[in-house]
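Hi,

Have a look when you get a moment and tell me what you make of it.

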Amino acid sequence: MPNRTLNFSAGPTALPLSVLKRVRAELYNFNKTGVGIMELSHRSDDIQFIISDSVERIKRLFGLDERFEVVFLQGGGSLQFTMIPMNFSRKGEKVDYVDTGYWARKAIEEAEILERDVAVIASSKDNNYINIPNIKDIKCRPDTKYLHICTNNTIFGTLWHELPKVPVPLVADMSSDFMSRAFDLCPLGCIYAHAQKNLGIAGVTILIIRGDMLNNIPDNLPTVLDYRTHIKHNSNYHTPPCFAIYITWLMLQWIEEEIGGLKEMEKTNIEKATLLYDFIDSSSLYSNPIEQKSRSLMNIVFSLSSKQLENKFLYEASHNRIMGLAGHRSVGGCRASLYNGAKLKAVKQLVDFMYKFEKEHH
Ligand SMILES: *Cc1c(COP(=O)(O)O)cnc(C)c1O
């Protein structure tokens, strides 16, 4: 497949070529059934195997112990902003959040709509979200039900490189850094991540939950909004997004068998990000505003000296078949998203293009 455009979009985004090739074959005939992957019943042995094998692979890749459950949900990262407070707290109860920007704020707003007693116990808002608050300063209210953080801030380009140590359950939105690094999830009570950034396509959200988090779920929740429903039915209570789960399953095989696990995935991701950050730091045209120790490995934001030059940069990038470099509509600027599916070679080509553009415009 020659002539593929380089894709640095913030999501949905690039998938490995080997995954796309396998999809192409299995669209018509999956596992010698004579039926395409999209046409199989969610009750078929094949789909049930894909679901259970994906759960096993996620547990194995992260080294999760038997306390953890893994389920596949719908509704994107955004529905979890609602389901988290619904399942882990009741009206009027305390829930703590850290505000590191756009998505973290959205999670806070949903807990407020549900009339929880929400406290933002740390924030980087006053710094325009260019850093992660110092973890030593993070103190929860003692009787809070959980502390919610967003581990990678897709829009602002910051990452929690270390988790805060708190005596209450930690809940994390990992939508944009899930499976990008070898990260010990065991201190967390609950992790959620949609698939369309690092692990596949839109339509499925992965939820990892520690068993003890299920003990206090209110009994009056609507059935599909209760985590226990999905655990009890092995992610097959109602028709799951089979095709999206299938792509995640292929991505998990790619990470395990082609990349060689999360340590290797992380190594590549660090190499990609370092290449781009080093170039930006050495350049006099591009700049990245993020505090050094809070820099994201996934979303690298940068600006040029003027809005006009930025527009020209984006225009020329697209003419050179490089797409997805515009910053989020809420903040402007530029952003390159280097998720798992973006190859080192593609980042090298991006840096070459940026270098050439700088030479021509300085
Ligand atoms: C993209 C993103 C979301 C939004 O997820 P949807 O699946 O579009 O609802 C939530 N959280 C983070 C960290 C994101 O990057």
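One cut-off first: I call a residue buried when its relative accessible area is under 20%, exposed when over 50%, and partly exposed in between (1.4 Å probe, protein chains only). Please keep in mind that this is a predicted model, so local features need pLDDT of at least 70 and side-chain atom pairs count only at pLDDT 80 or more, while totals for chains, interfaces and linings use all residues. Residues are numbered from 1 along each chain as its sequence is written, and side-chain values use heavy atoms, with hydrogens and water left out.

Let me start with Ser235. This residue sits in the loop between α5 (227–232) and α6; helices (H or I, at least four residues) and strands (E, at least two) are DSSP runs, numbered from the N terminus. With a relative accessible area of 4%, Ser235 is buried. A polar atom of its side chain lies 2.9 Å from the backbone nitrogen of Phe72. For polar contacts I take pairs of N or O atoms within 3.5 Å; within protein, one must be able to donate a hydrogen and the other to accept it, and residues adjacent in sequence count only if both atoms are side-chain atoms.

Now the strands. β2 (residues 68–73) is mostly covered, with five of its six residues buried. β2 runs antiparallel to β10 (residues 205–210), and six bridges join the two; strands pair here if DSSP finds at least two bridges between them. Leu73 is opposite Thr205 in β10.

β8 (170–173) is covered on both faces: Leu170 and Ala172 are buried on one side, and Val171 and Asp173 on the other. Parallel to β8 runs β5, joined to it by four bridges, with His148 partnering Val171. Three bridges link β8 to β9, again in parallel, and there Ala172 has Ile191 as its bridge partner.

On to helix α6 (residues 242–259). Its 18 residues should span 26 Å at 1.5 Å a residue, and the end C-alpha atoms are 24 Å apart, which agrees; the expected span is 1.5 Å times one less than the number of residues. Of those 18 residues, 14 are buried. Just after the helix, Gly260 takes a positive phi of about 105 degrees.

What about salt bridges? The structure holds 21 of them, each being a side-chain nitrogen of Lys or Arg within 4 Å of a carboxyl oxygen of Asp or Glu. In the pair formed by Arg60 and Glu256, the closest N and O atoms are 2.8 Å apart. Arg60 is in α2 and Glu256 in α6, so this pair ties together parts that are 196 residues apart in sequence. Both residues also belong to a salt-bridge network with Asp53, Arg57 and Glu257. Arg60 itself is partly exposed, at 49% relative accessibility.

Asp143 and Lys94 make another salt bridge (3.1 Å, N to O). Asp143 lies in the loop between β4 and β5 and Lys94 in strand β3 (residues 94–99), so here the parts tied together are 49 residues apart in sequence. Asp143 is partly exposed at 46%, as is Lys94 at 27%.

A few backbone points are worth a look on screen. Most residues other than glycine have a negative phi, and most peptide bonds are trans. Asn128 has a positive phi of about 55 degrees without being a glycine, and so does Met179, at about 65 degrees. Exposed or buried, then? Asn128, with 59% relative accessibility, counts as exposed, whereas Met179 is buried at 1%. The peptide bond from Gly11 to Pro12 is cis, with omega near -15 degrees, and Pro12 is in the loop between β1 (6–7) and α1.

Last, the surface. Leu27, Tyr28 and Met38 form a nonpolar patch with about 360 Å² of accessible area together. Areas come from the Shrake-Rupley method with a 1.4 Å probe, and for residues only the protein chains shown count as cover. Patch members have over 30% relative accessible area and no salt bridge; like charges are joined within 9 Å, nonpolar side chains (Val, Leu, Ile, Met, Phe, Trp, Tyr) within 5 Å. Met38 lies in the loop between α1 (17–26) and α2 (45–62) and, at 56% relative accessibility, counts as exposed.

Cheers
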